[in-house]
Structures are given as structure tokens and as C-alpha cells.
Amino acid sequence: METQLNQLKDEALAKIEAASNTKELNEVRVAYLGKKGPITDLLKGMGKLPAEERPKMGALVNVIRETVTTQLEERMAHLEEQAINEQLAKEAIDVTLPGRPVRTGNHHPLTRVVEEIEDFFISMGYEIAEGPEVEKDYYNFEALNLPKGHPARDMQDSFYISEEILLRTHTSPVQARTMEAKDGAAIKIICPGKVYRRDSDDATHSHQFTQIEGLVVGENIRMSDLKGTLSLFAKKMFGADREIRLRPSFFPFTEPSVEMDISCFKCGGDGCNVCKKTGWIEILGAGMVHPNVLEMAGYDSSAVTGFAFGMGPERIAMLKYGVEDIRHFYTNDVRFISQFHRTEA
Amino acid sequence: MLVSTKWLGDYVNIKNIAVEELAEKITRAGIEVDAIIDRSHGMTNVVVGYVKECVKHPEADKLSICQVDVGEETTQIICGAPNVAEGQKVIVARPGAVLPGNFKIKKAKLRGEESNGMICSLQELAIEGKLVPKAYAEGIYVLPDSAIPGEDALPLLGLDDQVLEFDLTPNRSDALSMLGVAYEVGAILSQGIVLPEVSYTESAERAEDVLKLRVDAIEDNPMYVAKVVKNVKVAESPLWLQNYLMAAGVRPHNNVVDITNFVLMEYGQPLHAFDYDRLETEEIVVRRAEEGEKITTLDEAERTLKGHNLVITNGQEPVAVAGVMGGLNSEVHDGTTTVVIESAYFAPASVRQTSKELGLRSDASTRFEKGVDPERVAQAAERAAQLMAELAGGEVLAGSVVIDELDKTPARITVSPDTINNRLGMKISLEDMLSILDRLQIPTEAVSGKLVIDAPTRRQDLRIEEDIIEEIARLYGYDEIPMTLPVGESTPGGLTPYQAKRRTVRAFLEGAGLYQALTYSLTSKEHAQQYALETAPVTELLMPMSEERSVLRQSLIPHLLEAATYNVARRIESVALYETGSVFLGLEEDGLPKEVEHVAAVLTGKWVDHAWQGESKKVDFFVMKGIVEGMMDSIGQLDGLSFEQAVVEGMHPGRTAKILLNGEEIGLIGQIHPTEQKKRDLKETYIMEINLQKVLQTEVDEVLYTQVPRFPSMSRDIALVVASETSAGTLQAIIRNAGGKLLKDVRLFDLYEGANVEEGKKSLAFSLTYFDPERTLTDEEVVKAHDKVLKALTDEAGAVLRG
Ligand SMILES: [Zn+2]
């Protein structure tokens, strides 16, 4: 019987080893360990054995059963793992295939520049003032110390709607309107917006363009405050190591008037094609608000002073991003606009 | 303004400063130097030659063979100029010379004849053709006899000179004269200046005795000075004078005209020279023109004058348009012997108007327009008389004929040093301030701690204390101003709710895949009102530059479509653009149009395009509608939003809707009409435009958290068959209305038309969600509510339930 048992064991182990998948292995389990299997049969036949042989044979049967069971489980675990691996191998993908694009658009580059400027001045406590694009001659010129007949307000240079109404030529009328509305109170504003001049469109001119101006009015506002404010602005907008310089200039609505240059952000001041070899780039015009402008808006120019500045986002964008033709901003070529989607910080 | 440094050196010592440094200092002090022009252009080996012999080239009609004495030798040069002749002193570029434009002179053979260099025209030395004296415009330049063969021709021609090109701001008209520039440069360099010394011998005869003067329009001509010079010999000017004029950008003519131009440039005072004999009447009368009166000006054009134009007459007919241009009838010519020098003050506004009306701008009119220095009117006349005596052999009659009611009082400005320092945020001492004003030669006294200033008449720009602050600051140096920030009450700053929501809208649309476009506000009449949500009278320009940009738009759509076409034409077939901007509805009562901010978008091509995955989807109405709904949701306006089928010109009749917010029309959405699409070379294209201003001004509830549901909700699905024309929106409204408080959500999840559904009918399926935040609903409650919904659908929409 012992020989029979060992033979059975070898036979079962051989079949376990031969099973190539879980299904076959299960068949082996049922065949040898099942209720109708040979081992069960042997156990059932134990009664026929002499009593003194029973414990020995019983132990042997159990050992065989355990051995077969262990082998079977090990084999099962192995086959299961193999099955999973085969499945995973089938699921493999080419990770170098392109990803599914996430559709996004982005700001127009001019909006990007304008918002960057807005956000800087908001952080400095400024509000954003807006006004109409079609303006009264009074707010566009007269209230800004440009009386009728002043050479700087040639009909040829502005789009007039009637004698008294025109498309604003700068965003300064918003300043005039704000001053009038504030009724003598202090002001800290930024005025962005579209403006219009009677120019033929070419690489450097556009009949429609954008402007952003600032105005601070209050007691004891000094030219040094203007310089300090503009210096911070230049560093924020063009890099922490930017220096500024002021050059005397002329605007009818400010006195003194200056133009501000920043040290060239491309060459750092050594001279390159961006700064035309001068090391400096002209960025904006500014000055102390002309007393006539304050008086016309109802301020007492002996008690209150102010500064104002203005710049062109087109020019800043052209310098910052190296855009060579102003018309790009208005043709709305997706290949142009889509280049301004990522952050720079 | 072109400033020859050679000429400037006559008045102020600039020998010890490099021209680049001088230009930088001038710029930093307030007058921008645009360019430094080196008139020598690096030329060498250009000398004086003497044409000893000149014969025709045997092989070429137009060439001459010249034997030219160039100092060290006599050499043969072939010359093609028609005016070359024996006995001339000429400019010779010798072999090895490099002329402007990198033109290298070499020995050559021309038609078999040796040529050792080139006889030059002024143009070949980089002098603009329009500046070359007419006599030499078509050929070589002929030097005066005094030139010595072999001597360097550049200094002789004044080409060893650097010219500063000024970009003058309108306030600095004082620098429209060499003397004005000298004052400025003197102040910058802390140097005195040398004014021209004017002295000459007067003849016994008095000007008053030969010329009468009357001014009938004193407010436009408050000062007129006339001098008479007899026995003038009209000839070519000396070389130095011609050189100065060409350096200043003025063409030399003859000595009399050149002198008036020289004094114009030197003093900034325009002068005119009349031929006394051609005046015929021994009289000058300044008056306004008669309406329609005619004059032929020096440029040989006949001009018709208006009643307000100021003219100089001989008492009978105009002989000059005051301050603008002289008349041909009284022009100085080769035979002129007696000259009347006119120096006057003409009112800026009058000259500006006349020069604009006649389309004539000249060196004279630009100076009159800005207001000349009252003190120099008489001085300039004297200077011209002196030069006519010196350079044209004239005899200056004694005295001048003068009418003078011009106010020459200097403007008095009083300013305290504290005001100056407070305004600048600086601490400049009184001594430094006085020293700066002294350098500028602005007469100043310190009276009881204040600066009392008499602004010189040459500085018309100095009128108020701020002007003095600027003078002191610019010469003290803007670099010296410290950097501070405004002190005083701090303000929070920030965006208004409107501005913040506008940014939200932009961010949403960009997140949804649309690029921001920026198009023009001006458009053509044809497109001004196309697709407009609201039309009003169109706002039109008085003087448009083109029909395309002649009126203000009332819709953003046409330009967005243009942008779409632009991109599609460049093979970018999928375009998604949006824009926020104003439309202009006019005219309101105050004359300004109503400006309303709109948002608009255009979609064409594919919306989804994942090529290798085989996923591709064209844009359609519902893509655009989803964008509108999402956008409105982002600013809290989804609840009141609805869409109503509409027919709009230029739009697809079956795929267009009005957008309503709380029942009020706010926008348009849909497909462009196929005919319009074709016109614009577009495929299926969808647009939307919304009155953004109205939406952003509609009040929004604050964001308040509602509890995350603690009780389960129950869903019921309904499948319906209705008439094809019954809209999903109608059914949805019926469901919502009938569902009562417990119905939380209705969602369409199937739409079918075709086989298995009766002709003229369609099948829709909705999923309804019932929910009570306070408790779990019972089946009976849901059945009750749901039955109501079913009944309403049957009663109100004739819906038949399926399945
Ligand atoms: Zn640079």
C-alpha cells in the first residue's frame, strides 16, 4: 500500500508540474484531492487495514495530501502571476504617443501687458479708471491745457466726429473726468484703454492703439515721488536690476515734463540693437500735473499737486517680446496670439 | 533744427568738448539730439584743382579731357559734367579717395583716355540735391577763384563739420535759432556767449524818405520794421555763407536772399527782401486780403486768398503773403539794385491758419507760428543790413521805417526756493538756484527770500513758477532727484466688481479654448450694423482716411469673422476667438454715442481633433451654447439664462437663437448663414455676441455654501414622443414647472428622430432627480410628484409616453 501511495504522490506531483494554466491545475486538484479522488478513496479504505498499521498509514496519507496540496498551491500562485503578467503585457502602450491636448486660449499680448501694469499699480493702492472712447473736445484737449488753436491738436491728427466730439487721442480725458468727479479729493488711478490717431497703419503706426496712464493727486506730491514710483515700476516690469533716468521733455498737461528711459534689459547698458547702442530705452512720458489742469478740474493748485505718466502697451510689448511690426497686434493671427500663453515668472 | 557745430562755435566755445559728449549733455538738459551727422563722411584726398585745359573727348561727345593742376602735379582727368570749363577751380577726388557710399576713386581709362581721379559735384560729396545751388545742380561745383590748387577742399566747403539734429519739443522754439542754441549750450557748459557785433555805416539818405509804411491790421501785425539798402550787387554769396546755409538745410540762391536766410537761422527771425523798384509805389501797406484776391507766390503758384489772410501790399496789390511766402512780382533778381528788408512780428495764429490754408509751410512760417522773439525783430533787420553792406556792397539808408505796438515787457515770475524744493523733493540751495539762472542768462533777483525773475523775451516758454522749477531741475540734473513714494493716506486700490468680473469672463473663455482677439473699432458703413444686437444712428467720422474705417461699429462680429477668414486663408482651419470691446450707439443728447461693452466669439473648423485616436468633432451650435452657459455660470448668471429660436438676417434660419437673461434679450448665438459663410470663405461658423455690460451690471447673489446632501436623491427617467417642432426647452420648462419643490434637476439624455418614430415626431428622454434636503423621500411622494409631471407633459405638450 505504501508503494501504491508513493506512486500516487509522484503521479499527482507530475501532473501539477505539467498543468500549464489554472484551469488544468484545478482539474488536477479535483482529480487527486476531490471527494471522489484516489486519496479520499485510500483514506476510506483505511478500515480494511490491520489496526497497528493504521496510524502509520494514516500519517503517510496525510503527508502525501499535504505535499500535494502545498505543491498545488504553489503552482497555482505561479500560474496566477503568470496569467496577470500576460494580461499586463497585452495592455502595454506606447508612452511616446502624443497626449490628448487640453484646449486653452490665452490673453491677447496687449491685455497681458496691460494687466501686468494694472496689477503692479493695484498693489501700490491704485484704482483703475475707465472712460469713453468717443470724447468731448473739452476733456480730450481743453481740460488738459490744450486750448482751441493749440498747434498740438491739429484736426489732421485726430478723428473728429463733429467740431466738439472726437475719438480720444489719449486716455488722459479719463484723468480729467476723474479729477472733476473727485471734487477736490486725493486720487491714485491708472487709466488703460483704446485710443485713436489719424495715422496710416504701417510697421510703427496704428490708427488704433492702447495707452495706459497714471495719475496721483494730493497734498505735497513731489517729483521725487514720481521718480520713486516709476523706478519701482521699471524694476517690476523689466527686471530688478533696471535703472531709470529722466530726461526733460514737454507735454502741455505737465510741467515739468520728463521722458523716462530704462537701462537696456537686453544688454544691461552696454549697447545693442534694442537700445540702438545707447544702453537706454525710452519707455514713458511723465511729469508734474500742470497747475492749469488742476485748476480747471476744480483743485486749488497752490494746495494740491500731482504727477502723471503715460505709456504705450504696444511699445512695451514690442520691446519685451521683440515684436517687430505693430500691425501684428491687430491682425489676430492665431499663430501670433497663441505664443503668449505661458508665464514668465 | 540742424545745428552746425562749426557755425555754433562762432558764438560759444565748444572746442574742448567732443561732439558726442556735447550731444549727450544737450539731450540730458532737455533738447533731444536725434543724430550727429558727420558732414565729412570720412572723406580724404579731396582737393582743389585748377582746370588748365579742357577739350572734348574724341571718342565720346559727353566727356571732356581735362588737364588739372592739383598742386603737386598737373594730371589728366576725364569729366562727364556739362559745365566743366577751362579756368575753373574745381573739387577733385584724387585716386585713393573714398567718397560717401564707399565710392573708391581709382585710376582708370575712359574710352582709351587715362583719368586720374574725378571732378566732383556737391551731390557726390553727400550734399542733398535740393540744397545744391541751382547753377550747379546738374553738374560739377565751381569754387571761387581764391581757392588754391592742392589745398584740402573739405574745410573750404565747410564739410569738416558735425551737425547736430535736434528733435525740438514745441515749447523750445527758442532753439530754432543759432543764438538760442548758443544760450542753451552756454548754460549747459557754464560759458558766456559771443553775440554778433552789428555795425555799419549808414548813408545820409533816410529810409523814411523813400518808403512809406502803414499797417491796417495791427493785432495781426503789431510790429513792422523796414530798412532800405541801395546799390546792392546781386551775386553768388561767399563760400562760408553758402556752406553755413547748406549745413542748416537751406539752399543758397544769391547774396541778398542768402543773407535773409542766414539771419533767419541766426536770430530765428524770418526776414523778407523786396525789390524796391518792383514795388513801384514807394509804399508798404499791411492789411487783410480781400476775399478772393489773388497773388502769385515765389513758387510760381497762383494763390487765392481769403478775407482773414494777412498780406503785404504796395498799397494797391499784394506783394507777399505775410509770414508765409513772398510774391513773384517783387522778387529780388539779378538786376535788383535797391532792396527793402522786412522784419516783422506776425501773430502766430494768423500765420498758422494762412500757411495751413495755402498748404505752405516754410522755415519762416514755422517760426512765426510759434511766436518770434519781440526783441529780435529790429535786431535782425540791422544784422541783415550790415551783411548786405558787407557782402553785397550795399549802402544802407539811415534809420528804419517802423511801426511798433508790440509789447516787449518781460514776464515777471516770483517763486520761493521752498516751493521749488517741495515740488522736486530736493534741497537745492538758493545760491545754486541763482547760479543756474545766471548761467541761463535769466535776469533774477533774490528779494526777501524769493526769486524774482524777468523772463527774457527769447524764452516765451517761461511764464509760471513751474517753468522756473523745470529750468532749475533740468540744469541741476534729474539724476539728482531722490526716489521717494507718495506719503499720506494709504488707499486699498483694486478692481471694481465690474472689472473683476470682466477678468473672470476672459479667464473662462480662454480656459474654454478661445484666444483673445483685438480688432478695430472703426469699420465700413456696410459692416457697422451687421449682426448688431441693437442698432442706433451710426457714428461717422468727419474726415475718414478710408471708407473701410469710416464709422464706429455696433457689433464685434464682422471683424471677428474677418479674423477667422484671415486665419483660415493661412491654413489654420480651426479658429476659436473672442473679444471684449465697446460698440457705439449714437448719438445721445450730449452728442456722445452710448458706448456699451460687448463680448463676442467666433468658432469655425474642429472643436475636438485628436488625430491618432480617431477623435474629431466639428464645432456646432451646442459647443458655442455650452461656452455661453459656462461663461454665464462663471459670473453667477446661469439661472436666468434662456435661449429662444430666432430668425436674424445673415444667420442660419434654423440654427440661431436670441439669448435672454431674466427674460430680457442680451445676445445672439448661432451659425452664420451659408451664403455669408461662402462670401467670407468660411466653412460652418458659429458666433455669439452678448451685451457684457448689462450682464456684468446684473446683480449677483453672494456665493453661499449649501449643505452637501445627507439624504439620498431618487431618479426617474421619462421617454416621450412629441411633435418635431416642440422644443426641448419647452418640455424642460413644463417639467420644472410641474415637478414642484422636490424636483431638483432635469437632464435631457436622449434625442431621436427617424426610423421607429412616426413622421413629424421625435423622441426625447429626460432624467429627473427628486430630492429633499431634510429627509429621505418615500416612493409615494416621488410617484405623486412624477405623475404630475407626466400629466402636465401630456396635457400641455401632447406628449406620448414611450415604453
Ligand atoms: Zn541694449
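This is a predicted model: local features need pLDDT of at least 70, side-chain atom pairs count only at pLDDT 80 or more; totals for chains, interfaces and linings use all residues.
Local features need pLDDT of at least 70 and side-chain atom pairs count only at pLDDT 80 or more, whereas totals for chains, interfaces and linings use all residues. Residues are numbered from 1 along each chain as its sequence is written, chains are lettered from A in the order in which they are written, and side-chain values use heavy atoms, without hydrogens and water.

A nonpolar core is a set of buried (under 20% relative accessible area, 1.4 Å probe, protein chains only) Ala, Val, Leu, Ile, Met, Phe, Trp, Tyr and Cys residues joined through side-chain atoms within 4.5 Å. In the largest, of 152 residues, Phe309(A) and Leu577(B) touch the most other members. A second, separate core has 41 residues, among them Leu360(B) and Phe368(B).

In chain B, four strands (DSSP E runs of at least two residues) form an open antiparallel sheet in the order 42-43-41-44; strands pair if DSSP finds at least two bridges between them. Strand 42 (743–752) and strand 44 (800–801) of chain B each have a single partner strand, so one side of each lacks a neighbour in the sheet. Strand 42 of chain B pairs with strand 43 (residues 761–770) of chain B over eight bridges, and Val746(B) has Leu768(B) as its bridge partner.

Note on methods
Buried means under 20% relative accessible area, exposed over 50%, partly exposed in between (1.4 Å probe, protein chains only).
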